[in-house]
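The structure comes first, and the text follows it.

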Amino acid sequence: MDVELEKLATAVIGCGIKVHRQFGPGLLESVYETALHDILGKNGLGVERQRPVDIIYNGQILSKAFRIDLLVEEKLVIEIKSLEHMAPVHAKQLLTYLRLSDLKLGLLMNFGANMFREGIRRVSNNYFGDWRNSE
């Protein structure tokens, strides 16, 4: 288990709770992304919004094939949603991002949930940190 990665995930979830308490559900994803980016930065974390990721397909580089909503400390991927209910495809999307970025852990954060803790999902790419909540 990567203790630093676990501490980082815990800190990010704490910041997400603060954002959700401030705004509640019902806003656009971009609002939550901006607010979470701001609070993470104010807490001293390195965070990048809309990080473009290149991938290789059939020997060719697909430039900016997708964008990571938030990348924290170059190792934790945050995928933000604002939906009444998440679908299994959302976790699959994040897992694909992790695999293509060669990163271990991501958090799917749905700010559309009435209770924020119901909207958080850990997704791992061959990472066995907190086994109780991992994919």
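Is Tyr32 buried or exposed? Tyr32 is buried, with a relative accessible area of 0%; buried means under 20% relative accessible area, exposed over 50% and partly exposed in between, with a 1.4 Å probe and protein chains only. The model is predicted, so local features need pLDDT of at least 70 and side-chain atom pairs count only at pLDDT 80 or more, while totals for chains, interfaces and linings use all residues. Residues are numbered from 1 along each chain as its sequence is written, and side-chain values use heavy atoms, with hydrogens and water left out.

**Aromatic pairs**

The whole structure contains four aromatic pairs. Rings of Phe, Tyr and Trp (its six-membered ring) pair if their centres lie within 6.5 Å; planes under 30 degrees apart count as stacked, over 60 as edge-to-face and the rest as tilted. The ring centres of Phe23 and Tyr32 are 6.5 Å apart and the planes stand at 80 degrees, so this pair is edge-to-face. Phe23 counts as partly exposed, at 39% relative accessibility.

Tyr32 also pairs with Phe111, and here the rings are stacked, with 4.7 Å from centre to centre and 10 degrees between the planes. This pair links distant parts of the chain, since Tyr32 is in helix α2 and Phe111 in the loop between β4 (105–110) and β5, 79 residues apart. Helices (H or I, at least four residues) and strands (E, at least two) are DSSP runs, numbered from the N terminus. Both Tyr32 and Phe111 are buried. Ring pairs join Phe23, Tyr32, Phe111 and Phe116 into a cluster.

**Salt bridges**

How many salt bridges does the structure hold? There are six salt bridges, each being a side-chain nitrogen of Lys or Arg within 4 Å of a carboxyl oxygen of Asp or Glu. The table lists some of them.

| Pair | Closest N to O distance |
|---|---|
| Asp38 and Lys42 | 3.2 Å |

Arg122 lies in strand β5 (residues 120–124) and Glu6 in helix α1 (residues 3–23), so the pair ties together parts that are 116 residues apart in sequence. Both Arg122 and Glu6 are buried.

Glu33 is buried, with a relative accessible area of 6%, whereas Arg49 counts as partly exposed at 34%.

Asp38 and Lys42 both lie in helix α2, four residues apart, which is about one turn of the helix. Asp38 is partly exposed at 39% relative accessibility, and Lys42 is exposed, with a relative accessible area of 66%. Elsewhere, a network of salt bridges links Glu48, Arg51 and Glu74.

**Positive phi angles**

Most residues other than glycine have a negative phi. In Gln50, a residue other than glycine, phi is positive, near 50 degrees. Gln50 is in strand β1 and is partly exposed, with a relative accessible area of 27%. Glu73, likewise a residue other than glycine, has a positive phi near 55 degrees. Glu73 is placed in the loop between β2 (60–72) and β3 (76–81); with a relative accessible area of 34%, Glu73 is partly exposed.

**Helix α3**

Helix α3 (residues 88–101) has 14 residues, which at 1.5 Å a residue should span 20 Å; its end C-alpha atoms are 20 Å apart, in agreement. The expected span is 1.5 Å times one less than the number of residues.

Which residues of α3 are buried? They are His90, Ala91, Leu94, Leu95, Tyr97, Leu98 and Ser101. Seen down the axis of α3, these buried residues fall within an arc of 155 degrees, so they line one face of the helix; the arc is that of the directions from the helix axis to the C-beta atoms. The buried residues of α3 pack against β1, β2, β3, β4 and β5, where contact means heavy atoms within 4.5 Å. On the face of α3 turned away from its buried side are the exposed residues Pro88, Val89, Lys92 and Arg99. Asp102 follows α3 and has a positive phi, near 55 degrees.
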